[in-house]
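Trainee: I've got a model open and I'd like to learn how to read its packing and its charged pairs. Can you walk me through it?

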Amino acid sequence: MMQRIEKTFAGRPLVIETGRMAKQAAGAAVVTFGETMVLATVTVSDNQSTLPFFPLTVEYKERTYAAGKIPGGFIKREGRPQDAEILSGRIIDRTIRPLFPEGFKNEVQVFIYVISADQENDADIPALLAVSYALNASRIPFSTPIAGVRVGRVEDKWVLNPTFQQLAYSDMELVVSGSQDSIVMVEGGALEVQERDVVQALTIAQRGIRELIAIQEELLAKAGRQPKMQWTKAEPDTHLQSRVKELAEGKMLEAINQAEKHTRMDAVEAVKRMATETLASDFPDASKSIHEMLGELEYRALRDQVLDTKRRVDGRAVDEVRPISIDTGVLPRAHGSALFTRGQTQALVVATLGTANDVQRLDTIDEAGETTKSFMLHYNFPPFSTGEVRPMRGTSRREIGHGNLAERALQSVLPDFAQFPYTIRIVSDVLESNGSSSMASVCGGSLALFDAGVPIHAAVAGVAMGLIKEGQDDPRDPGRDGRGDHRRRHGHRDHRRCRRRGDGARAADGAGDHRRAGDRRDVRGHGQEHDGVRRLRRDHAGHGRPRPHLRAAARPHGEDRGRREARRPRDGQAARPRRAWSYPPLDEGARAASRGDAGGAGASAS
């Protein structure tokens, strides 16, 4: 039976309906905002996966018929997802993934079809609303209504869910998703705004999120929820758990405190191998459980050390940035190049300039005609950067997401196309990685632009931030729902120990181990002269984070040194003079090209 609710949100009609389309899916919903329509469906497997992670798949598809178009080229059907579709799917994935119950391993698939595009309202926000409703109404164990909004600011006035036309004049664009009380994900860019502006935008976003959640709740009460499926989280063998802890806890603590990444990894693997071989005779059928318990032991050891000592396993204090080295002009025939190294993370970043004929042409459902993009940043993460061997299957979704993150951080400092009529392509090849490779791409990209003689407005640097917190915010805390005694929730009876840990540890420039053990990550880009936020991305591994923690994340913390280094020449060399470029006359086609969202909030056209 079809059920629907119609409201007005942000000055436009909003409709949620269910029971008309895709009725054989576990849950389905159609959301209409303006004249943009999205269909979201969710399905779940009855069998528990044997994979060591939660197998969630989010597919976001834009149908060209939604805008009355036929795909161009020889093949007249939709093929591989465009970058914009992948980025929208990642926003939804990053929002819903941490909200599934810990230990749930049944495969879940989420499909979103954009079936009508009015070329005024972006479909990603209605898509998240449709996914939330479909999940909450289905039998999948997901019981947290969520929503997302986009916040812009036009002529000093805040705009909720701005249209594409309004975004062209906005100095900020934030996509914020969350629940009734917490913010789960933030993604956005800005033209160098202050901390207070970001906090105010988050406050406005939270109000909009609550309004959308109330609309969902009203329809859920009217249409009803399906009974949630029965599933059982595998409980560990307490005897085996105590043996593993007794055998490996001390050795694991010693192993994780190796300063060098691969030495530390080898030491941890040696401890795991020793424990597995020792326990194999007494527990011959428990190798998988032993491996999981050892992983949990490593996770807890990493967290406890940071919380108790405020020092990380590589010996750094929580506010200490790894050593930075910079080499510019490393490629003699490239227009601009930089080798940026921070600790064991290294990126070779190269800038190339082209003419107006080199712009990227895009055919999307968001525009009536073809659009162009004259600034691109492509991020590559080969397996050798982490010393691994894995098959190469084309550009991954992660590479597209990280490239977009760095691209938007640099975009707002570029000169206007009318003043500098060149197509700019930056390629970041990550040569080593131990965390924050996307931020190394931002720093290296800024240096490469300077080396190429591009008259950018300011240097840009980026830093990754992490939070490790004790108690109910710990994503693996079995008592996060407030039930259970202190020992069951924290593994000890010492209440004073938790009080000493206070609000946890906020760590700058997180390496790989620290970021895996953290509750959330913040990635930011900053300009040199004005201390403003250009780019903000935040994910949380638990059930969200209230605004005070985000306020702390928006403050400069550890990136000042990186900003100073971004203007420093190589050791022993004089500063390389900027190249002089002669500007060719512009034809009308070139004048129509733009830098994606030039004059807007730094958002790329893709």
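**Packing and charged pairs**

Mentor: Happy to; keep in mind that this is a predicted model.

Trainee: What is the largest nonpolar core, and which residues have the most contacts inside it?

Mentor: The general idea is that in soluble globular proteins, nonpolar side chains tend to be buried together. Here the largest nonpolar core has 62 residues, and those with the most contacts inside it are Ile92, Ile96, Phe100, Val108, Val110 and Ile112. Helix H4 (residues 195–223) gives the most to this core, 10 residues. There's also a second, separate core of 35 residues, with Leu405, Ala409, Leu447 and Leu449 among them.

Trainee: On to charges. How many salt bridges does the structure hold?

Mentor: There are 23. Take Arg153: a salt bridge joins this residue to Asp171, with the closest N and O atoms 2.9 Å apart. Arg153 is in strand S7 (residues 147–154) and Asp171 in strand S9 (residues 170–178). Arg153 also meets Asp197 in a salt bridge at 3.2 Å, N to O. Because Asp197 lies in helix H4 and Arg153 in strand S7, that pair ties together parts 44 residues apart in sequence.

Trainee: Is Arg153 buried or exposed?

Mentor: Buried, because its relative accessible area is 11%, under the 20% cut-off. Asp197 is buried too, at 12%, whereas Asp171 counts as partly exposed at 21%.

Trainee: Which residues are linked in a network of salt bridges?

Mentor: Asp122, Asp124, Arg150, Glu173 and Arg408.

Notes
Residues are numbered from 1 along each chain as its sequence is written. This is a predicted model: local features need pLDDT of at least 70, side-chain atom pairs count only at pLDDT 80 or more; totals for chains, interfaces and linings use all residues. Side-chain values use heavy atoms; hydrogens and water are left out. A nonpolar core is a set of buried Ala, Val, Leu, Ile, Met, Phe, Trp, Tyr and Cys residues joined through side-chain atoms within 4.5 Å. Buried means under 20% relative accessible area, exposed over 50%, partly exposed in between (1.4 Å probe, protein chains only). Helices (H or I, at least four residues) and strands (E, at least two) are DSSP runs, numbered from the N terminus. A salt bridge is a side-chain nitrogen of Lys or Arg within 4 Å of a carboxyl oxygen of Asp or Glu.
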